[in-house]
Amino acid sequence: MSGTTYLAYDYPLLSAFWTMLVFFLWIMWFILLFRVVVDIFRDDGLSGWAKAGWLVFTIVLPFLGVFVYVIARGKNMGRREIAQARVQQEAFDSYIRETARGTGGRTGSVDELVRLSEIRARGDITDDEFRRAKELVLSGHGSSEQPGPFASSAGR
């Protein structure tokens, strides 16, 4: 063992700071590089050849390519990201609405109560019939299991 061994106290505090700073900047560089590559593919305004050109430029000359891309197209990177987030949020909200409505053609109790109140508002059922049908819906039995005025007037 002819090499020198460095212990923790042999590594000065300022050197530890610079090492952490370089490590942090290296990670930030990779984050920026990946964001630029994702933005190249996300942009619908670029043709396929333009996307290929920007991608080759950022891969062959990464520092210069990313620097030029951020200067030339960086202003709209945030806008494209916000638009993508909006589209994802709308798709998620649509999925939640569809799931909340029920699946397989089965209507939920809320939908049945809405239909009941519409039927009562038209005057097809009385308040007493509405109350009994509402109790059936809320108890979970549904309106189709027990014949009555609601079951016969639901098809009107």
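**Reading a predicted helical model**

Guide: On the surface, Phe23, Phe24, Leu25, Ile27, Met28 and Ile31 form a nonpolar patch with about 590 Å² of accessible area together. This is a predicted model, in which local features need pLDDT of at least 70, side-chain atom pairs count only at pLDDT 80 or more, and totals for chains, interfaces and linings use all residues. Residues are numbered from 1 along each chain as its sequence is written, and side-chain values use heavy atoms, with hydrogens and water left out.

Visitor: Which helix holds Phe24?

Guide: Phe24 lies in helix α1, residues 13-42, where helices are DSSP runs (H or I) of at least four residues, numbered from the N terminus.

Visitor: How is the packing of two helices described?

Guide: Two packed helices are described by the angle between their axes and the distance between the axes. Here α1 and helix α4 (residues 77-101) pack at about 70 degrees, their axes 11 Å apart, and are therefore roughly perpendicular to each other, a term for angles of 65 to 115 degrees.

Visitor: What joins the side chains of Arg73 and Asp43?

Guide: A salt bridge is a side-chain nitrogen of Lys or Arg within 4 Å of a carboxyl oxygen of Asp or Glu. The side chains of Arg73 and Asp43 meet in one, at 1.8 Å from N to O. This pair links distant parts of the chain, with Arg73 in helix α3 (residues 62-73) and Asp43 in the loop between α1 and α2 (48-60), 30 residues apart.

Visitor: Are Arg73 and Asp43 buried or exposed?

Guide: Both Arg73 and Asp43 are buried, meaning under 20% relative accessible area, while exposed means over 50% and partly exposed lies in between (1.4 Å probe, protein chains only).

Definitions and conventions
Patch = residues over 30% accessible without salt bridge, like charges linked within 9 Å, V, L, I, M, F, W, Y side chains within 5 Å. Areas by Shrake-Rupley, 256 points an atom, 1.4 Å probe, with all protein chains shown as cover. Helix = DSSP H or I, 4+ residues; strand = E, 2+ residues; numbered from the N terminus. Axes fitted to C-alpha atoms, helices over the stretch in contact; angles between N-to-C directions. Parallel < 35°, antiparallel > 145°, perpendicular 65-115°, else oblique.
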